[in-house]
Amino acid sequence: MKRSRINAIMADAADMIARHGFVLPPFAWWTPEEFRDRAGRDAGQIVASRCGWDITDYGQGRFDQMGLFLFTLRNGSLADLQRGGGMCYAEKLLISRRDQLSPMHTHVIKAEDIINRGGATLVIELYGSDDQGRFAHDRGGRVRCDGIDRAYGPGEKLRLAPGESITLMPGDWHAFWGEGGDVLIGEVSTVNDDLTDNIFVEPIGRFADVEEDEAPTHLLVSDYDRWLPAAG
């Protein structure tokens with residue numbers, strides 16, 4: 001993706017988030033220079049937990065058709081999760097555009113609530129896993145929708161209106177997109193690890209390849225390793 005396109009998507013996303021009454025944390029607005037300075041002083045944990053802007057086309061170069069906007073607001077520690085105490089949770093805001101596919105995937109560790117925070121209808125397509133946890137085109141499973149248990153069949157599409165949510169566990173394979181317009185999505189989950197805990201059905205990447213045609217307005221989480229000093 002061109003950096004100019006990423007900058008424009010950030011601006012559009014910030015407008016939509018504000019229209020729905022959400023306010024991003026202060027570090028969302030740091031320039032790359034401010035981020036570099038703060039990361040070397042007092043913001044190492046933001047870098048280490050990979051909080052911030054995240055825009056992906058899954059390496060496919062078709063953001064309008066296959067892509068997702070994300071902003072990680074907070075993220076805990078895998079070490080805390082493994083020992084069963086401490087900061088074991090994460091929270092994100094996402095924007096799924098009209099008919100923009102977030103492709104079929106699951107997680108090994110992360111359980112997540114996906115919440116339609118406003119906008120259009122969020123469609124979630126579901127499949128179950130086989131006995132080894134692999135994608136199973138002929139299996140369904142069970143999820144909770146706003147706390148209510150329900151079964152789903154293979155390939156079933158659930159539609160969430162604003163205010164509705166679904167709880168997905170490891171092994172619930174899912175893809176999603178906006179229907180009838182763009183959707184602002186909340187995600188509340190166990191600790192988030194986007195480097196290793198996204199398992200896709202198709203062999204695609206989690207992050208975009210960036211073409212630097214202009215300077216970044218704000219850094220992406222995928223920029224941190226190149227642009228910032230090591231987290232302390």
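Author: A nonpolar core is a set of buried Ala, Val, Leu, Ile, Met, Phe, Trp, Tyr and Cys residues joined through side-chain atoms within 4.5 Å. Buried means under 20% relative accessible area, exposed means over 50%, and partly exposed is in between (1.4 Å probe, protein chains only). This model is predicted: local features need pLDDT of at least 70, side-chain atom pairs count only at pLDDT 80 or more, and totals for chains, interfaces and linings use all residues. Residues are numbered from 1 along each chain as its sequence is written, and side-chain values use heavy atoms, with hydrogens and water left out.

Reader: Which residues touch the most other members of the largest nonpolar core?

Author: The largest nonpolar core has 34 residues. Those in touch with the most other members are L24, F35, W53, I55, F69 and F71.

Reader: Which element gives the largest share of this core?

Author: Helices (H or I, at least four residues) and strands (E, at least two) are DSSP runs, numbered from the N terminus. Two or more core residues come from each of α1 (3–19), α2 (32–39), α3 (44–48), β1 (52–56), β2 (68–75) and β3 (89–96). The largest share, seven residues, is given by α1.

Reader: With which residues is L24 in contact, leaving aside its neighbours within four places in sequence?

Author: Contact means heavy atoms within 4.5 Å. With those neighbours left out, L24 is in contact with I17, W29, W53, F71, L73 and L93.

Reader: Is E187 buried or exposed?

Author: E187 belongs to strand β11, which runs over residues 173–190. Its relative accessibility is 5%, so E187 counts as buried.

Reader: With which side chain does the side chain of E187 make a polar contact?

Author: A polar contact is a pair of N or O atoms within 3.5 Å; within protein, one must be able to donate a hydrogen and the other to accept it, and residues adjacent in sequence count only if both atoms are side-chain atoms. Beyond four places in sequence, E187 is in contact with A90, E91, K92, L94, K110, E112, D113, I114 and N192. At 2.9 Å, the side-chain partner in the polar contact is K110.

Reader: How far apart in space are E34 and T190?

Author: E34 lies in helix α2 and, because its relative accessibility is 38%, counts as partly exposed. In sequence, E34 and T190 are 156 residues apart. In space, their C-alpha to C-alpha distance is 29 Å.
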